[in-house]
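Here's a quick look at pockets and charge pairs in one model. Have the structure open as you read.

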Amino acid sequence: AVVSTQSTGKYFSSMLVVVLSASAGYVADKEGKDLLGVELFTVYVFFACVSTLYAYWWDIKMDWGFLDHTSTDHKNKFLRDELLYASGKKFVYFIVMGFDLVMRCVWTINISLADWNFAAKQIIV
């Protein structure tokens, strides 16, 4: 039950970002503004960061099985006991974890700039 509640939280936070983004685009188009107020944008950025970090944590902990403090062997700190790729070279896993975070942040920034009219959508895509 706890895992499904956590999963629901992940999807809810993502949907909240989508709704805020879509609302901003609709209101900006309707009112003929290029940019909405700082207050709404601040709320959007907060929830976009929460959603991004939540999804990142989900990738690392739940999907990939890393950061398991109940590991029995403890030979691979912050990783799972059994490593399947890169012939057991642990640094590859940490590089992939870092790359996942960077790409999630780039995606969030990319979407934010376009949806909030900071840059032309044609330039970003």
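## The largest pocket

The lining of the largest pocket splits into 8 nonpolar, 5 polar and 2 charged residues (Ala, Val, Leu, Ile, Met, Phe, Trp, Tyr, Cys and Pro count as nonpolar, Asp, Glu, Lys and Arg as charged, and the others, Gly among them, as polar). A pocket here is an open set of points on a 1 Å grid over the protein atoms alone, where a 1.4 Å probe fits, with protein on both sides within 12 Å along at least five of seven lines; lining residues have an atom within 4 Å of a point.

This is a predicted model, so to speak of local features takes pLDDT of at least 70, and side-chain atom pairs count only at pLDDT 80 or more, while totals for chains, interfaces and linings use all residues. Residues are numbered from 1 along each chain as its sequence is written, and side-chain values use heavy atoms, with hydrogens and water left out.

## Charge pairs around Arg 104

There are 2 salt bridges (a side-chain nitrogen of Lys or Arg within 4 Å of a carboxyl oxygen of Asp or Glu). Arg 104 pairs with Asp 59, with the closest N and O atoms 2.9 Å apart. Arg 104 sits in helix 3 and Asp 59 in helix 2, so this pair ties together parts 45 residues apart in sequence (helices are DSSP runs of H or I, at least four residues, numbered from the N terminus).

Arg 104 also meets Asp 100 in a salt bridge, at 3.8 Å from N to O. Shared partners join Asp 59, Asp 100 and Arg 104 into one network.

How values were computed. Helix = DSSP H or I, 4+ residues; strand = E, 2+ residues; numbered from the N terminus.
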